[in-house]
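Open the model in your viewer and switch to a cartoon view. This tour tells you what to select at each stop.

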Amino acid sequence: MVIKVFIANQSGSTAIKKKQQDVLGFLEANKIDFKEMDIAAHEENRKWMRENVPGEKRPQNGIPLPPQIFNDEQYCGDFESFFNAKEDNGVYAFLGLTPPPGSKEAHQAAIIQNGEIPEDKEILHLRRASEDQLGENNEMLHNHYERSTDINENIGENKTAKDEEPPHQMVDLEDAEEESRKPESPPDGEPVEKEDKEEEEPVTEDEEDEEPVTEDEEEVDES
């Protein structure tokens, strides 16, 4: 199976030249075998192309413009059909070829074959990124809530402990200091010693000079 691209190498239309280059460049980049069919230099190519383009694909004047794409004898489409297929990652299906393994088109074909609806990869990536971001935000909010709860509990415990303190605590401390300044009272039943003791009279010098009286002197005095 050979892909045939009918082009006009000597076309004076810039738009047609650009479209032809887009098709050929894509096929070359993806290493898809193709064959250029010039309708300007070969009349038979022009005639064959016009005869094999389906009627619904012909313009109002009846003359189809290049580029026109065929897979051997099977018509694939014009540039607009090729462009739409490329945008939808369906060029290989457009050309009637099997997509290479690992390509985006092969992945989508496998999804369709399994009965699932293919989803645009970019949209899927954005959705997954949004879900991941949402999960991170929820985790951050949960951690913030737990920290806030712990802080509020600590504040409540400190406030409760402060409220439970007796209001007369300061007064009790003052009373204790005042009691400590008072002298200790003796136990019940014990006499209270007087602090002021009688002072002994001082001994004068004359009394100190007096000699003690002996026994003989006492006898003389008695006689």
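**Stop 1: the sheet.** Select the four strands, which form an open sheet in the order β2-β1-β3-β4, with mixed pairing. Strands here are DSSP runs of E with at least two residues, helices are runs of H or I with at least four, and both are numbered from the N terminus. Two strands count as paired if DSSP finds at least two bridges between them. Now colour β2 (34-38) and β4 (74-78): these are the edges, and each has a single partner strand, so one side of each lacks a neighbour in the sheet. From one strand to the next, the twist averages 25°.

Before moving on, note what you are viewing. This is a predicted model, where local features need pLDDT of at least 70, side-chain atom pairs count only at pLDDT 80 or more, and totals for chains, interfaces and linings use all residues. Residues are numbered from 1 along each chain as its sequence is written, and side-chain values use heavy atoms, with hydrogens and water left out.

**Stop 2: β1 beside β3.** Select residues 3-7 (β1) and 68-71 (β3). They pair in the antiparallel sense over four bridges. Show Phe6 and find Gln68 of β3 opposite. Then show Ile3, which stands opposite Asn71 in β3.

**Stop 3: along β3.** Which way do the side chains point? Gln68 and Phe70 point one way, Ile69 and Asn71 the other. In a regular strand, side chains alternate between the two faces of the sheet. All four of these β3 residues are buried, meaning under 20% relative accessible area with a 1.4 Å probe, protein chains only.

**Stop 4: on to β4.** β3 and β4 run antiparallel, joined by four bridges. Gln68 stands opposite Asp78 in β4. Go to the hairpin of β3 and β4, with two residues between the strands; there Asp72 takes a positive phi near 60°.

**Stop 5: two helices.** Select α1 (residues 14-29). Helix α1 lies across β1, β2 and β3, at about 155° to β1. Next, α2 (residues 43-52) lies across β1, β2, β3 and β4, at about 80° to β3. Axes are lines fitted to C-alpha atoms, for helices over the stretch in contact (heavy atoms within 4.5 Å). Angles run from 0 to 180 degrees between N-to-C directions.

**Stop 6: the whole chain.** Zoom out. The protein has nine helices and four strands. Along the sequence, the pattern is β-α-β-α-β-β-α-α-α-α-α-α-α. Of its 223 residues, 20% count as buried.

Definitions and conventions:
Buried < 20%, exposed > 50% of the residue type's maximum accessible area, 1.4 Å probe, protein only.
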